[in-house]
Amino acid sequence: MAYNPVHPRLAFVDLETTGATAVIDRITEVGIVEVDEDGVRHWSSLVNPHRHIPEFIEGLTGISNAMVADAPGFDELAAEIHQRLEGRIFLAHNARFDHGFLKNEFKRVGIDFRPTVLCTVKLSRKLYPEFAKHNLDTLAERHQLQVTERHRALGDAQLIWQFWETIHATFPHAQINAAIKELTARPNLPSQLDAAMVDDLPSTHGVYLFFGEGALPLYVGKANNLRRRVLSHFSGDHLSAKELELSQQIRRIEWIATAGELGALLKEAMLVKQLSPSHNRQLRRSSAACLWRLDAQSQITLVKTDDLPAADEAELFGPFATHRKATTALTAIATAHQLCLVLLGLEKVAAGKPCFASQVGQCKGACCARESLASHTARLRMALETSRLHPWPYAGPIGIREEAALHVIDNWSYLGTAASEAEARQLTEQAPPRFDRDVYQLLHKKLASMPDQITPLYRGVP
C-alpha cells in the first residue's frame with residue numbers, strides 16, 4: 001500500500017450518472033476506495049436516480065433502468081456515503097464532475113459537503129508534463145494499471161487508486177506532496193466572505209455581482225470563466241489599491257450564467273446601466289453618449305443620443321462617452337486637418353474676425369472667406385468619416401444566436417436574451433429601444449460577419 005503520512009486519509013471516488021449536468025441529472029452508482037493507516041477498503045452501491053437512464057448511458061456504463069429499479073435512492077445512502085468521505089481528501093478523475101454531483105445530491109438532503117478535492121487529471125499533468133493525454137484509459141495503458149470494470153464506479157475508483165500507488169513508486173514523497181499542496185490550495189478570500197459562495201461558482205461564461213452591506217451591487221463584471229475571474233479579484237499578486245478597497249467591502253457574490261461571451265458582454269452593459277454600481281465608473285457613464293450632428297446647412301452640433309429624433313436626415317458621427325471626450329476628439333481633428341474652430345463652435349471671435357489658428361496659418365480661413373464654406377464642410381466630412389455612425393442595418397429587431405440562446409437587439413439596443421424565437425418576439429414588444437453606445441461598439445463591426453447567427457424578428461419576416 002502506498003501510504004503517505006502527510007495525507008493519511010484518502011477517498012478515491014467515481015460516480016456513474018444519468019447525464020453530465022449536476023443540477024439536472026442524477027447519480028446511478030457510487031464507488032469508493034478508502035485508504036488510511038488501517039488499510040484499504042472498497043465499497044460501492046447502485047443508486048436509484050428516480051428518472052430514466054438514457055439509452056446512450058446504458059450502453060456506456062452497462063447500468064440499465066432495470067438494475068437500479070430496486071436500488072436505494074441517494075437519500076437512503078447519504079449518511080453512509082458522507083461517513084465514508086468525511087475527513088478525507090476527495091480524489092477523483094475530472095474531480096469537478098464527481099464532486100459537483102455529490103455536492104448537489106448532499107445539498108438536496110440537507111448535508112453541507114465541503115471536502116478537500118484533488119483532481120487526478122491535474123495531478124497527472126503536474127507530474128507528467130511531457131504527456132499530452134491524461135484521461136483514465138490513457139493512464140491505464142501508460143502505467144499498465146489493472147482494468148476490472150471500466151465505466152463502472154468501483155472499477156474506475158480502483159484505477160485511480162492504482163495510479164496513486166504508481167506515482168508513489170515513481171516520485172519522491174516530497175515532490176508528490178508539493179504538487180498536492182499546490183492543487184488543493186484554497187483561494188485567499190476576504191475574511192468576511194463566505195467561502196461557500198465561491199465554491200458554488202461555475203466555470204462558464206457569465207456576469208458576476210459583488211455586494212456589500214446594501215441591496216445594490218458594488219461592482220458588476222463579465223467573465224469567460226466565472227470561477228477563475230472572480231478568484232482573480234482576490235489574488236494577492238494582483239491587488240491594486242482599488243481592488244483591495246473593493247475586496248474589503250464585499251459581503252456577497254451573485255452570478256448569472258450566459259450562453260457565451262457576447263451574452264456576458266451584453267448582460268454586463270445592461271446591468272451596469274440599470275444598477276449603477278459604485279465601482280463601475282467607466283461603463284456607468286456610457287449611457288450619456290454624445291454624437292456630432294452635421295446638418296444640411298453645414299452646421300455641426302453636439303447632441304445626446306437620447307435626444308435624436310426617430311428619423312434624422314443629418315449625418316451623425318461618434319458616439320462619444322461624454323461631452324468632454326466629444327469636444328476633445330473634434331478639436332484634435334480640427335487641428336490635424338486645419339479646420340476652423342470658430343465654424344465648429346469650439347472657439348468664439350467677433351463677427352468677421354479671423355480665428356487665432358487662421359492668423360498663425362493653422363486654419364485655411366473659412367472663418368474670413370479665404371476658403372469657401374462648401375470646401376470646409378467637405379474637408380470636415382472627410383476628416384470625420386472614420387467616426388461616422390453606422391445606421392441600424394435592419395428593418396426592425398433581430399435575434400443573434402449564441403449556443404441555444406437568442407440575444408434580441410433593435411436599433412443598437414439590447415432588449416434581453418430568449419430561449420426561443422417565440423420568446424424573442426415577445427421581447428420586441430417592449431418600449432421603443434434607445435440607442436446604447438455599448439451595444440453599438442460591441443456589434444457594429446461584427447454583424448456583417450455573422451449572417452448565419454441572425455434571425456430577423458420584425459413584422460413581415462416569417
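Predicted model: local features only at pLDDT ≥ 70, side-chain atom pairs only at ≥ 80, totals over all residues.
Three strands make up an open sheet, and their order is S10-S9-S11, with antiparallel pairing. Which strands stand at the edges? Those are S10, residues 300–304, and S11, residues 315–320. Each has a single partner strand, so one side of each is left without a neighbour in the sheet. On average, neighbouring strands here are turned by 25° against each other, direction ignored.

Now for the pairing itself. Trp 292 stands opposite Phe 317 in S11, and its bridge partner in S10 is Leu 302. S9 and S10 also form a hairpin, with 5 residues between the two strands. In that turn, Ser 298 has a positive phi of about 70°.

What packs on this sheet? Helix H14, residues 323–337, does, and H14 touches S9, S10 and S11. The direction of H14 makes about 45° with that of S9. Helix H16, residues 373–384, packs on the sheet as well, touching S9, S10 and S11. For H16, the angle with the direction of S9 is about 150°.

While we are at H16, have a look at Arg 379, which has its place in that helix. Is Arg 379 buried or exposed? Its relative accessibility is 17%, so Arg 379 counts as buried. Leaving aside residues up to four places away in sequence, Arg 379 touches His 337, Gln 338, Leu 339, Lys 364 and Glu 371.

On to the aromatics. How many aromatic pairs does the structure hold? There are 15. Take Phe 12 and Trp 164: the ring centres are 5.9 Å apart and the planes are at 65°, so this pair is edge-to-face. Phe 12 lies in strand S1, residues 10–17, and Trp 164 in helix H7, residues 153–170, so the pair ties together parts that are 152 residues apart in sequence. Both Phe 12 and Trp 164 are buried. Phe 210 and Tyr 219 make a tilted pair, with 6.2 Å from centre to centre and 35° between the planes. Phe 210 and Tyr 219 are both buried too. There is also a cluster, in which ring pairs link Trp 392, Tyr 394, Trp 412, Phe 435 and Tyr 440.

Two arginines sit over rings as well. Arg 142 lies over the face of Phe 131, at 3.9 Å from the ring centre. Arg 252 lies over the face of Phe 211, and that distance is also 3.9 Å.

Last stop, the cysteines. A search of the whole structure turns up 0 disulfides. For Cys 363, the nearest cysteine sulfur belongs to Cys 355 and is 3.8 Å away. Cys 363 has 4% relative accessibility, so it counts as buried. Cys 119 is buried too, at a relative accessible area of 13%.

Methods:
Residues numbered from 1 in each chain as written. Heavy atoms only, no water. Pairing = 2+ DSSP bridges. Helix = DSSP H or I, 4+ residues; strand = E, 2+ residues; numbered from the N terminus. Axes fitted to C-alpha atoms, helices over the stretch in contact; angles between N-to-C directions. Contact = heavy atoms within 4.5 Å. Phe/Tyr/Trp six-rings, centres within 6.5 Å; stacked < 30°, edge-to-face > 60°. Buried < 20%, exposed > 50% of the residue type's maximum accessible area, 1.4 Å probe, protein only. Lys NZ or Arg CZ within 6 Å of the ring centre and 35° of its normal. Disulfide = S-S within 2.5 Å.
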